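This report describes how two protein chains meet. Please look at the sequence and the structure first, and then read on.

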4 protein chains.
Amino acid sequence: MAGSSFGKIFRITTWGESHGPAVGVVIDGCPAGLALEENDIQAMLDRRKPGKGEYSTARAEEDRVQILSGVFEGKTTGTPISLMIENRDHRSADYSQIRDVYRPGHADYTCDEKYGIRDYRGGGRASGRETVCRTAAGAVAEKLLGELGVTFKVRPLRIGGVPAEKEEEVKDLLEKAVREGDSLGGIAECVISGVPAGLGDPVFDKADARLAAAVMSIGAVKGVEIGDGFAAADRCGSENNDSFRADESGNVCKRTNHSGGILGGITDGSDIIIRAAFKPTPSITKEQSSINREHENVTLSVKGRHDPVIVYRGMVVMEAMAAITILDMMLENMGARAENVISFYGNRK
Amino acid sequence: MAGSSFGKIFRITTWGESHGPAVGVVIDGCPAGLALEENDIQAMLDRRKPGKGEYSTARAEEDRVQILSGVFEGKTTGTPISLMIENRDHRSADYSQIRDVYRPGHADYTCDEKYGIRDYRGGGRASGRETVCRTAAGAVAEKLLGELGVTFKVRPLRIGGVPAEKEEEVKDLLEKAVREGDSLGGIAECVISGVPAGLGDPVFDKADARLAAAVMSIGAVKGVEIGDGFAAADRCGSENNDSFRADESGNVCKRTNHSGGILGGITDGSDIIIRAAFKPTPSITKEQSSINREHENVTLSVKGRHDPVIVYRGMVVMEAMAAITILDMMLENMGARAENVISFYGNRK
Amino acid sequence: MAGSSFGKIFRITTWGESHGPAVGVVIDGCPAGLALEENDIQAMLDRRKPGKGEYSTARAEEDRVQILSGVFEGKTTGTPISLMIENRDHRSADYSQIRDVYRPGHADYTCDEKYGIRDYRGGGRASGRETVCRTAAGAVAEKLLGELGVTFKVRPLRIGGVPAEKEEEVKDLLEKAVREGDSLGGIAECVISGVPAGLGDPVFDKADARLAAAVMSIGAVKGVEIGDGFAAADRCGSENNDSFRADESGNVCKRTNHSGGILGGITDGSDIIIRAAFKPTPSITKEQSSINREHENVTLSVKGRHDPVIVYRGMVVMEAMAAITILDMMLENMGARAENVISFYGNRK
Amino acid sequence: MAGSSFGKIFRITTWGESHGPAVGVVIDGCPAGLALEENDIQAMLDRRKPGKGEYSTARAEEDRVQILSGVFEGKTTGTPISLMIENRDHRSADYSQIRDVYRPGHADYTCDEKYGIRDYRGGGRASGRETVCRTAAGAVAEKLLGELGVTFKVRPLRIGGVPAEKEEEVKDLLEKAVREGDSLGGIAECVISGVPAGLGDPVFDKADARLAAAVMSIGAVKGVEIGDGFAAADRCGSENNDSFRADESGNVCKRTNHSGGILGGITDGSDIIIRAAFKPTPSITKEQSSINREHENVTLSVKGRHDPVIVYRGMVVMEAMAAITILDMMLENMGARAENVISFYGNRK
């Protein structure tokens with residue numbers, strides 16, 4: 001219960017620090033008989049890779065995933081799928097600059113307060129490095145979701161306050177940030193299509209709440225909204241309510257989708273829309289003031305190459321977390337009606 | 001696991017529909033020896049009562065809480081605390097208007113899709129009525145948190161797009177909404193002071209993620225942010241990072257609190273700041289178009305007296321959910337260091 | 001997580017002390033659309049009632065169950081089913097004899113050690129009274145299991161060391177125990193038929209392990225075995241292995257059922273056989289030596305009418321716990337194969 | 001929730017099949033600051049090694065544990081401890097004999113029924129191989145428990161029906177079993193000393209129930225008892241109740257320990273006594289009848305070297321599971337009293 005696991009039926013547990021020999025994830029509860037090979041996972045890891053987003057760091061991070069268990073003759077067996085990604089060159093860095101200093105915006109101080117000990121070589125578990133494991137698990141979830149007709153689209157909406165479609169302006173901003181040793185925040189959106197109506201529960205495990213927890217658990221995310229989110233707060237009910245409508249065949253749709261595909265915590269069959277606010281990368285080379293472990297005031301500059309913005313890589317992690325959550329809710333939902341349970345076991349015998 | 005429970009150590013389970021005989025909550029895991037009586041809980045229920053917020057509905061809802069178990073001679077015994085609140089006059093209403101119609105913005109359609117059956121007398125579990133149980137449980141959490149030096153402040157920030165401090169303007173807006181049979185959304189803020197550093201976990205159970213899930217599980221909430229939230233996304237790192245600073249006695253503080261008291265998922269000892277976006281009340285008397293259970297297009301007007309805005313009552317529920325989450329993290333955190341475990345059992349024997 | 005909940009999908013939470021106003025149980029995760037009324041539950045409560053077993057106490061305990069939520073127009077709605085049973089005459093007793101004394105064989109001492117406070121009016125949560133809630137929840141589980149073709153049979157095997165079929169001898173033993181202010185232990189067996197193959201998981205959540213936890217969580221149970229249990233330990237493999245066999249239609253059966261219907265933690269379609277050892281009722285009028293809260297040596301005799309043997313009532317609770325466990329595993333198992341998940345959502349859309 | 005995790009605060013997740021590249025375990029929730037190195041774990045793995053028990057198989061299984069995360073500079077960091085043990089020579093075997101045949105007493109048939117797919121190279125997850133992971137996690141638990149004054153002793157009680165102290169007779173039995181291609185069952189006992197009073201909860205999470213689930217989840221175990229267990233069922237209350245007694249300093253002890261250190265589900269400070277019945281090894285070379293995947297009747301003989309008895313190795317796993325359970329309850333118990341929570345956070349600030 002120390003918080004390295006996520007999900008109820010499709011349940012993942014991640015492990016590993018940014019500067020240990022490897023990181024990994026154990027997926028328990030993946031249905032058996034799903035075709036799965038390392039390449040299925042690798043493709044999604046590559047999307048998260050630095051350098052894919054044009055402005056992400058050029059540091060060569062060759063993330064090769066290995067399947068250690070749970071797959072036999074190309075199919076999942078229903079047993080835990082253990083995935084491991086080695087950390088290349090994790091021994092070579094020079095940590096002297098951050099060893100005794102609490103970097104602003106990082107978990108250095110809070111980890112020391114909680115545990116009384118900290119892996120000073122990097123962000124430890126709070127490092128973005130951990131998210132490679134979530135991405136790998138998300139790829140497995142998406143493999144099955146693909147067969148269930150569920151698809152995902154993520155895109156940046158804003159970078160440093162500028163709409164992402166203004167590409168030149170964003171480019172200039174990012175180059176300026178790199179030049180000045182600074183970083184930028186941004187907003188990303190994930191749209192999930194093909195989700196059946198009926199997922200989620202009406203109280204604590206509302207689909208909104210579970211997706212919010214999923215996305216807010218990504219290190220740099222400090223805000224989450226579903227559908228119109230904060231904009232809905234400025235509206236009146238007659239504007240914000242989505243009218244239902246039936247076509248001549250009796251198929252149900254909504255005229256609008258302000259609710260982002262979730263009503264009363266349960267999916268309504270429309271697209272699910274999630275937006276996340278990513279704070280600017282806390283690692284900056286610009287000089288900052290802080291304290292050290294002896295609680296003395298110091299100044300520091302975080303050397304090394306850092307992503308000037310987290311959004312491009314972070315939105316892949318956001319998609320992965322959303323995929324894990326949706327699949328988990330789909331599995332959980334199968335027993336919601338007595339008639340379905342009776343038919344399942346009746347047909348089986 | 002059907003989502004009516006929340007929390008890990010201090011764990012609550014709510015039950016009851018808006019139109020059944022009663023609603024209630026079972027609190028499992030409340031530490032023993034806490035002085036507790038019904039009045040401690042009643043005070044918080046009264047804050048949530050309609051009519052307390054000036055613009056909340058005048059319908060007389062006399063919520064009297066009963067303690068059915070877990071308290072003996074005025075103190076908690078460590079066993080489940082069962083709280084029940086009867087639903088007065090729950091039999092008298094006329095449901096004919098909504099029996100076969102799916103109200104826009106409500107869970108009517110989605111519940112029918114999930115369960116194939118719906119309590120058509122009201123919102124069922126997705127009703128705001130359920131939140132009286134959370135509020136009662138929150139009051140118990142706050143009783144213990146008070147002895148731990150943790151305090152809560154909630155306030156409305158915006159109503160219908162207008163800053164809440166412009167009281168006259170807000171009043172006019174609300175009166176107009178009532179007159180027109182419409183409703184308004186709004187934003188509320190909860191500030192939690194006195195939280196020790198070190199709560200929360202660095203990965204999935206980040207303090208941000210747990211608070212986000214807690215608050216987003218309130219029916220009308222469609223957006224949550226911690227600290228500066230979405231505003232941080234428009235900033236650069238050198239602005240957004242909170243510098244640590246030590247005074248001459250070595251006490252640590254931060255110059256700013258953009259992070260809202262949480263770094264890398266773990267509390268840093270500063271105030272925790274949460275904001276929630278509440279959508280406008282979906283029940284409006286203005287005519288809307290929708291469909292019925294036979295998937296025919298219809299128009300409807302939701303009769304009865306409704307809160308024109310949820311924020312005033314909802315922010316009390318928000319405080320309750322935050323309290324439950326904070327206490328839960330405090331209990332969980334006690335075993336984070338081996339030295340504390342050794343000292344606890346060493347001193348005891 | 002303080003241990004008043006049981007189950008993963010079909011999850012129950014019990015509350016209430018033996019001497020409070022009521023006891024109750026909240027069932028979360030019961031599939032929607034199951035026909036359910038109070039009489040369905042009452043029938044099983046009546047089987048557990050003292051006086052039903054010929055040698056159980058004559059104290060009139062009229063347990064009337066009330067359904068407070070989760071059922072609408074005679075069917076479950078998928079939301080929490082809250083059941084309450086009032087404690088009649090719970091105020092009348094005289095507790096002076098046990099107020100400050102730790103009764104041997106009871107949880108008086110251990111509760112005081114754990115919580116620093118104890119409801120001295122009775123056994124509190126550790127009382128047999130709590131099991132009325134499990135029985136009520138078990139009745140709900142059995143209602144659905146009945147439609148799934150799963151049936152339960154419980155019977156006493158031994159009472160005070162004598163085979164239960166020697167009815168006269170047992171009767172004499174029990175009368176002697178009552179006469180002498182003493183009590184007897186015994187062994188009961190539960191046989192579950194119609195369980196489909198494939199339930200349970202191969203590692204920690206083996207069907208054996210879950211059933212063992214379910215049954216061992218009944219207060220008086222100190223031993224559990226599945227199939228031949230302890231007898232299997234004295235055998236060799238060639239005797240103990242159950243040979244599979246196929247009839248001409250290819251239907252699979254086993255020549256023997258030493259394994260009690262579970263292989264490698266997963267059900268094999270044969271009858272599941274569980275046996276539990278119940279210790280003798282710890283409340284006896286015979287004089288015993290013990291200590292009081294001040295840790296002084298005292299003697300005591302527990303006045304009042306007590307069941308001379310727990311087995312007859314306990315085996316109904318055993319059946320209830322088994323039913324809850326089996327239904328939970330059936331619900332959980334529905335997503336075990338990818339093909340079933342695909343077919344479920346494919347057929348649905 | 002697919003059952004590869006165990007524990008609530010100190011929570012382990014195992015992964016890996018008998019014939020994959022490796023097996024492993026992730027321990028989440030281990031307190032930070034515990035001195036830990038691979039040798040601490042290796043020692044316990046060596047105790048479980050085949051060949052250590054005189055009659056265990058001679059197959060060279062060199063289990064070398066690697067710590068992949070969660071330990072920094074020789075101390076646990078509070079983050080997940082990932083342990084991996086490679087499977088040597090896992091590619092070399094010849095599986096043709098069992099590929100299409102369901103071995104009696106194994107999970108071959110039930111896994112196929114559940115998942116529709118089976119790793120036919122061995123027992124998969126249901127294999128004894130998985131228990132090396134539990135043993136490794138148990139070693140970590142015991143490291144901390146050692147500092148808390150808790151110690152474990154396991155021993156065989158009976159082998160093939162013969163008391164284990166009759167060493168010559170047991171030796172003859174085992175040699176006969178090996179000669180005849182057969183196997184033997186047995187009973188082992190685990191005694192845990194130094195456990196503080198107050199662990200466990202009074203209802204579903206009774207210490208007895210948690211230990212029973214822990215031990216019954218070991219593949220070959222088909223029976224569990226606490227204290228006198230089944231023997232208590234043949235006794236009367238005046239014999240079975242353990243009288244409390246205080247010495248002149250007011251220290252509490254019991255005259256007897258029939259209850260095995262647990263009263264009402266909560267530890268009483270006496271030794272905890274658990275016994276487990278291990279069935280005979282199901283893999284035997286003696287010819288058996290069974291069926292194949294096409295449900296045709298066949299005969300088979302399971303070739304290869306097998307342990308003629310599981311008890312010697314299994315009792316180390318039993319100790320490991322008990323250690324994990326006890327530590328978990330100790331961590332969970334720290335917040336049981338409000339006064340302790342207040343004192344913990346009061347002293348800290």
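Chain B and chain A bury about 8,100 Å² between them, with 59% of it on carbon and sulfur atoms, where buried area is the accessible area (1.4 Å probe) that two parts lose on being put together, summed over both. In chain B, the residues that lose the most area to chain A are B:Lys114, B:Phe204 and B:Lys222, together 11% of what that side buries.

This is a predicted model, in which local features need pLDDT of at least 70 and side-chain atom pairs count only at pLDDT 80 or more, while totals for chains, interfaces and linings use all residues. Residues are numbered from 1 along each chain as its sequence is written, chains are lettered from A in the order in which they are written, and side-chain values use heavy atoms, with hydrogens and water left out.

Taking contact as heavy atoms within 4.5 Å, 106 residues of chain B are in contact with 106 residues of chain A. Between the chains there are four salt bridges, each a side-chain nitrogen of Lys or Arg within 4 Å of a carboxyl oxygen of Asp or Glu; one of them joins A:Lys222 to B:Asp208, with the closest N and O atoms 2.9 Å apart.

By class, the side of chain B that touches chain A divides as follows.

| Class | Residues of chain B |
|---|---|
| Nonpolar (Ala, Val, Leu, Ile, Met, Phe, Trp, Tyr, Cys and Pro) | 44 residues |
| Polar (the others, Gly among them) | 35 residues |
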